[in-house]
Amino acid sequence: MKDSFDYHSFCPFRVCPLGAHIDHQAGPVTGFALDSGITFDYSATDDGSIDVISRNYSGSATGNICDSYERKYTWADFLFGAVKTLQLQYTVTHGITGVVSGSLTGGGLSSSAAVILTYLIALSRANSITLTSPELIKLAVYEERNYIGVNVGTLDQSCEVYCRKNSLLYLDTLDGSAKLLPVPEGMKQFEIAIIFSGAERSLAGSAYNTRVDECKAASYALKDLAGLEYGRYADTRLRDVPFGVYLENRDRLPPHWKKRADHFYGESERVRKGIEAWQAGNLEAFGRLVFESGASSINCYETGSEELKALQTIMEETPGIYGGRFSGAGFNGCAMALVDPDRKDDITASVTERYKKAFPAHAENFFITYCRTADGIECI
């Protein structure tokens with residue numbers, strides 16, 4: 001392993017204040033990139049060798065780009081998955097050697113998408129491959145779906161590519177169109193609290209894929225009930241079902257499918273209202289919608305561990321928090337909140353005391369940190 005490297009890259013983590021759990025159904029979403037994320041110092045190797053170590057996890061990712069790599073269910077899978085994904089479309093002759101590290105742990109900040117993007121960028125640079133932003137996002141989504149095994153939408157990757165400092169990203173995942181909405185003049189200042197429950201999370205072993213299937217089942221059933229052409233099950237999504245069709249037929253759905261549809265259409269409307277509030281500079285109204293999103297994720301999408309459900313209640317009852325919800329899929333991991341920077345000390349003290357009292361077993365790993373918005377990863 002070299003003592004110094006030729007390249008340095010940073011890919012931010014992300015949070016989604018509004019638009020939770022609907023990107024895989026082609027819904028509208030919002031996002032911020034954070035000034036915390038994945039850092040990678042690396043160099044290209046001429047012989048195709050791979051030799052990467054992590055400052056966060058034990059072991060190493062070693063091998064060669066020519067290897068027939070099989071998943072080992074370790075952090076190395078993300079790197080070799082990036083190699084195999086890139087090789088589907090490009091000639092890859094150079095490997096990489098380097099050191100990767102993440103500034104936050106716990107899950108819910110899209111660290112998997114961030115590290116995949118990081119490796120794709122590094123391998124592209126090492127092999128003089130030029131990727132557009134849409135191409136980079138498409139490759140990252142492909143790897144996570146087909147190599148890591150999680151049926152993600154495009155929210156995470158899009159946020160980590162398109163986001164810019166001091167702006168809210170609005171993304172329509174139906175057509176991939178993205179718009180940056182700058183912080184309006186006169187809006188109250190805010191920072192983003194990341195609250196780690198102390199309980200780790202892994203999407204590949206969670207009910208994430210089941211929730212995606214339930215949304216697709218609701219879409220398929222609604223189309224059939226309305227006499228619409230429904231096509232292949234693999235291609236169906238709730239965004240294809242008109243709102244009127246949903247209203248007319250929602251009570252004919254099985255209870256779980258009905259709840260998933262309720263969340264999709266409710267969350268889509270919250271995104272619309274949230275954009276209006278944001279552009280008007282009304283942070284309080286925007287924050288209330290974020291709280292509503294969290295409640296819907298618990299009650300309609302039926303996700304959220306007991307720890308994250310407790311954090312939702314604590315955040316709603318804590319002065320200085322404009323709005324909050326658990327971050328990511330909600331199967332343990334982190335919560336996020338938009339907070340008044342002048343009240344951070346009080347927020348930290350209050351939330352920490354209440355949470356540790358409720359979950360003393362997580363007291364050692366629980367933490368709160370504060371982030372600001374940041375630029376997305378630079379495409380090659």
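## Leucine 136 and its helix

In which helix is leucine 136 found? The answer is helix α3, which covers residues 133-148. Please keep in mind as you read that this is a predicted model.

Leucine 136 has a relative accessible area of 0%, so this residue counts as buried. Serine 124 lies 12 residues away from leucine 136 along the chain, and the C-alpha atoms of the two are 9.8 Å apart.

## The cysteines

If you are wondering about disulfides, the structure holds 0 of them. A disulfide is a covalent bond between the sulfur atoms of two cysteines, and the cut-off used here is a sulfur pair within 2.5 Å.

Take cysteine 16: its closest cysteine sulfur belongs to cysteine 159, and because the separation is 6.5 Å, the two are too far apart for a bond. For cysteine 159, the closest cysteine sulfur is in cysteine 163, at 4.3 Å, which is also too far for a bond. Cysteine 16 is buried, with a relative accessible area of 7%, and cysteine 159 is buried too, at 0%.

## The second largest pocket

Helix α3 comes up again here. The second largest pocket has a volume of about 620 Å³. Its lining is made up of 28 residues, and those closest to the centre are Val141, Arg145, Val152, Gly153 and Thr154.

Three helices each supply at least two lining residues: α3, α4 (155-162) and α5 (208-225). Of these, α3 gives the most, with 6 residues.

Methods. Residues numbered from 1 in each chain as written. Predicted model: local features only at pLDDT ≥ 70, side-chain atom pairs only at ≥ 80, totals over all residues. Heavy atoms only, no water. Helix = DSSP H or I, 4+ residues; strand = E, 2+ residues; numbered from the N terminus. Buried < 20%, exposed > 50% of the residue type's maximum accessible area, 1.4 Å probe, protein only. 1 Å grid on protein atoms, 1.4 Å probe; cavity = no way out; pocket = protein on both sides within 12 Å on 5 of 7 lines; lining within 4 Å. Points joined across faces, edges and corners; volume = space filled by probe spheres on them.
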